[in-house]
Amino acid sequence: MNDVPAPSADQRPTPLRPQPPSRRPGLAALLQTAGHREYREMEHGLRASGGLANTDDIIALLGARTDQPISTLAHWIVAHDLVSFEWNSRTMLPVFQFEPATMTVRPEVTAIVRELAPAFSDWEICLWFARPNAWLGDASPVDHLAVDAAAVFDAARADRYLARS
């Protein structure tokens, strides 16, 4: 009646067994992986414009130019004059936001950060500066700032509008 021979023991498929919880990547691990990937993307995208620096490095640079570097930097961060984000328990800042000679915040950066802040987190704003942008012919906003800061502001306005609609 049954002409098909039964598979031998070595031909039988092994049943799928769920991995123990310790071997399955949890949501936290997946998010950490995405966060690391995005951080590396920021590092790469911002490298040519000075890269990223932690607050200790920025305070050291400000110390040569102001009597109260910690207060100055804290004020800029709280007022959203510039953008910063937390990474591995440290506050990080893209260096392109500062005028190299004076260590003051570039006003065009402040305008763009304030344009994006209602719709994006600080992390997302840093990524926005580092990633290619269609409004700018696929140039990154950080690279296009020196070419046409007004176009970068317009791209920020368009992206904020799209994000909020």
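This report describes the fold, sheet, helix packing and loops of a predicted model.

## Basis of the model

Because the model is predicted, local features need pLDDT of at least 70 and side-chain atom pairs count only at pLDDT 80 or more, while totals for chains, interfaces and linings use all residues. Residues are numbered from 1 along each chain as its sequence is written, and side-chain values use heavy atoms, with hydrogens and water left out.

## Overall architecture

The chain has seven helices and three strands. Helices (H or I, at least four residues) and strands (E, at least two) are DSSP runs numbered from the N terminus. In sequence order the elements follow the pattern α-β-α-α-β-β-α-α-α-α.

Of the 165 residues of the chain, 35% count as buried. Buried means under 20% relative accessible area, exposed means over 50%, and partly exposed lies in between, with a 1.4 Å probe and protein chains only. Among contacts in the chain with a separation of 6 or more, 60% come from residues 24 or more positions apart; contact means heavy atoms within 4.5 Å.

## The sheet

The three strands form an open sheet in the order β1-β3-β2, with antiparallel pairing. Its edge strands are β1 (52–54) and β2 (85–87), each of which pairs on one side only. From one strand to the next the twist averages 45 degrees. Two strands count as paired if DSSP finds at least two bridges between them. Three bridges join β1 to β3 in the antiparallel sense, and β2 pairs with β3 (residues 90–94), also antiparallel, over three bridges.

Met92 of β3 stands opposite Asn54 and also opposite Phe85. Trp87 has Arg90 of β3 as its bridge partner. Four of the five residues of β3 are buried, so this strand is largely enclosed by the rest of the structure.

## The β2–β3 hairpin

The hairpin of β2 and β3 has two residues between the strands, and Asn88 there takes a positive phi near 50 degrees. Most residues other than glycine have a negative phi. Asn88 has its positive phi although it is not a glycine. This residue lies in the loop between β2 and β3 and is exposed, with a relative accessible area of 59%.

Helix α2 (residues 55–63) lies across β1 and β3, running at about 85 degrees to β1. Axes are lines fitted to C-alpha atoms, for helices over the stretch in contact, and angles run from 0 to 180 degrees between N-to-C directions.

The axes of α2 and helix α3 (residues 69–78) come within 9 Å and cross at roughly 120 degrees. The two helices are therefore oblique to each other: angles under 35 degrees count as roughly parallel, over 145 as roughly antiparallel, 65 to 115 as roughly perpendicular, and the rest as oblique. The crossing of α2 past α3 is right-handed, a term used where the near helix is turned clockwise from the far one by less than a right angle, with anticlockwise giving left-handed.

On the α2 side, Thr55, Ile58, Ile59, Leu62 and Gly63 make the contact, and they meet Pro69, Ile70, Leu73 and Trp76 of α3. By class, this contact has seven nonpolar, two polar and no charged residues. Ala, Val, Leu, Ile, Met, Phe, Trp, Tyr, Cys and Pro count as nonpolar, Asp, Glu, Lys and Arg as charged, and the others, Gly among them, as polar.

Seven of the nine residues of helix α5 (residues 122–130) are buried, so α5 is largely enclosed by the rest of the structure. Those buried residues are Trp123, Ile125, Cys126, Leu127, Trp128, Phe129 and Ala130.

In helix α4 (residues 107–116) the buried residues are Val109, Thr110, Ile112, Val113, Glu115 and Leu116. The elements covering them include α5 and α7 (149–164).

## The α5–α6 loop

Ala134 sits in the loop between α5 and α6 (141–144) and counts as exposed at 66% relative accessibility. Ala134 and Ala155 are 21 residues apart in sequence, and their C-alpha atoms are 8.5 Å apart in space.

Asp138 lies in the loop between α5 and α6. Its phi is positive, at about 70 degrees, although Asp138 is not a glycine. Asp138 counts as exposed at 55% relative accessibility.
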